[in-house]
Amino acid sequence: MASVPVHVVTGFLGAGKTTLLNRLLAAGGFANTAVIINEFGDVGIDHLLVEAVEGGEPMIELSDGCLCCTVRSDLVDTLFQINERIEAGAALDRVVIETTGLADPAPVLQAVMATPGLNERFHVASLVTVVCAATGLASLEDHEEARSQVALADRIVLTKTDLEPASDALIARLAAINPLVEPVDAAGDGFVLALDDSSLAQARPAAGEPHGHHHHHHDVNRHDASIEAFTLTHDAQITAATVEMFADLLRSSMPRELLRMKGVVWTTEKPDRPLVIHGVQSVFHPPVRLDSWKGREPETRLVVIARNGNRAHIEGLFAAFTGQIAPDRPDRQALTDNPLAIPGM
């Protein structure tokens, strides 16, 4: 069964999501794209503003509420309907979901990743966050939803830069919240990078970041006070069970603090085939294997996005599970055999 990539396009109110979506659909190569438009309120208009691709799939409107809550079940039903069409022979290359400006994208990702029957057919390829150059800084300062949208992003697209260039303060704020993603300008050719069906699970380092081993530390002063994005790396093979236990411990001990974790694991079982893991809060997609490392040096590389100052705790757990011994840190056996070792218990 071929897995269909799902792209979630989010961004705060007025960021320019619909305009960006129209540009992407007009760029060519999107004929076999199903577009799901989330509307808020009784009378939605966003789906009327998105231009249909000639020969493409029709737009689907969800208008019963915010996609991050009441519409989630409608989204699941819609994806099952799309799956039925695929099984009946319909050609579909990707699904694009445009959320409302007030949506927390996490439940949307979880709906795709955790629903049996859907997570076999669909996978999250990217979360694209649109940020207005003119109003983005104020949105980030005033609204938790806007910060969450940026923190979870795989790609950040700056819009309306033709009207007002992105300020240094906005760029610095974006880097503080999500230092692993370099924004691209929608006014140039960069907007075509917003939708890329290639797997993001390779956990690529940010632009200019050296390709190091073990833990790579960003300047802590660049991070947002409540949200941190960082990488965990290990240059030796580990068992699949090890990373499974590590992920289980994280999602059981900090289900709210762990915003997202994705990446590839170099396992002893199949060292030539990377194991892909992807989780949003306490919900994880079933692990899958890539065909090869595609010329990259094998290693375990996990991108972690967490909040409330838990970076040191997560790094310590990862070090323990990967056998990096320290006098003030329990080893893997102590963590897995003794439930009292779980923080907070």
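The pLDDT is the predictor's confidence in each residue, on a scale from 0 to 100. In this predicted model, the mean pLDDT of the chain is 76, and 73% of its residues reach 70 or more. Because the model is predicted, local features need a pLDDT of at least 70 and side-chain atom pairs count only at 80 or more, while totals for chains, interfaces and linings use all residues. Residues are numbered from 1 along each chain as its sequence is written, and side-chain values use heavy atoms, with hydrogens and water left out.

The secondary structure comes to ten helices and 14 strands, taken as DSSP runs (H or I, at least four residues, for helices; E, at least two, for strands) and numbered from the N terminus. Confidence is highest in helix 7 (residues 168–177), at a mean of 94, and lowest in strand 8 (residues 215–216), at 36. The pLDDT also stays under 50 over residues 61–70 and over residues 335–345. Where pLDDT is low, the predicted coordinates should not be read in detail.

Of the 345 residues in the chain, 53% are buried, that is, under 20% relative accessible area, with exposed meaning over 50% and partly exposed in between (1.4 Å probe, protein chains only).

What, then, lies in the largest nonpolar core? A nonpolar core is a set of buried Ala, Val, Leu, Ile, Met, Phe, Trp, Tyr and Cys residues joined through side-chain atoms within 4.5 Å. The largest one has 44 residues, and those with the most contacts inside it are Leu 79, Ile 82, Val 95, Phe 122 and Leu 174. Helix 4 (residues 106–114) gives the most to this core, with six residues. Apart from it lies another core, of 22 residues, including Phe 230, Leu 232, Ala 247 and Phe 318.

Phe 318 also takes part in an aromatic pair. Rings of Phe, Tyr and Trp (its six-membered ring) pair if their centres lie within 6.5 Å; planes under 30 degrees apart count as stacked, over 60 as edge-to-face and the rest as tilted. The whole structure holds two such pairs. The ring centres of Phe 246 and Phe 318 are 5.5 Å apart and their planes stand at 65°, so this pair is edge-to-face. It links helix 8 (residues 240–253) with helix 9 (residues 311–321), across 72 residues.

Technical notes: Contact means heavy atoms within 4.5 Å.
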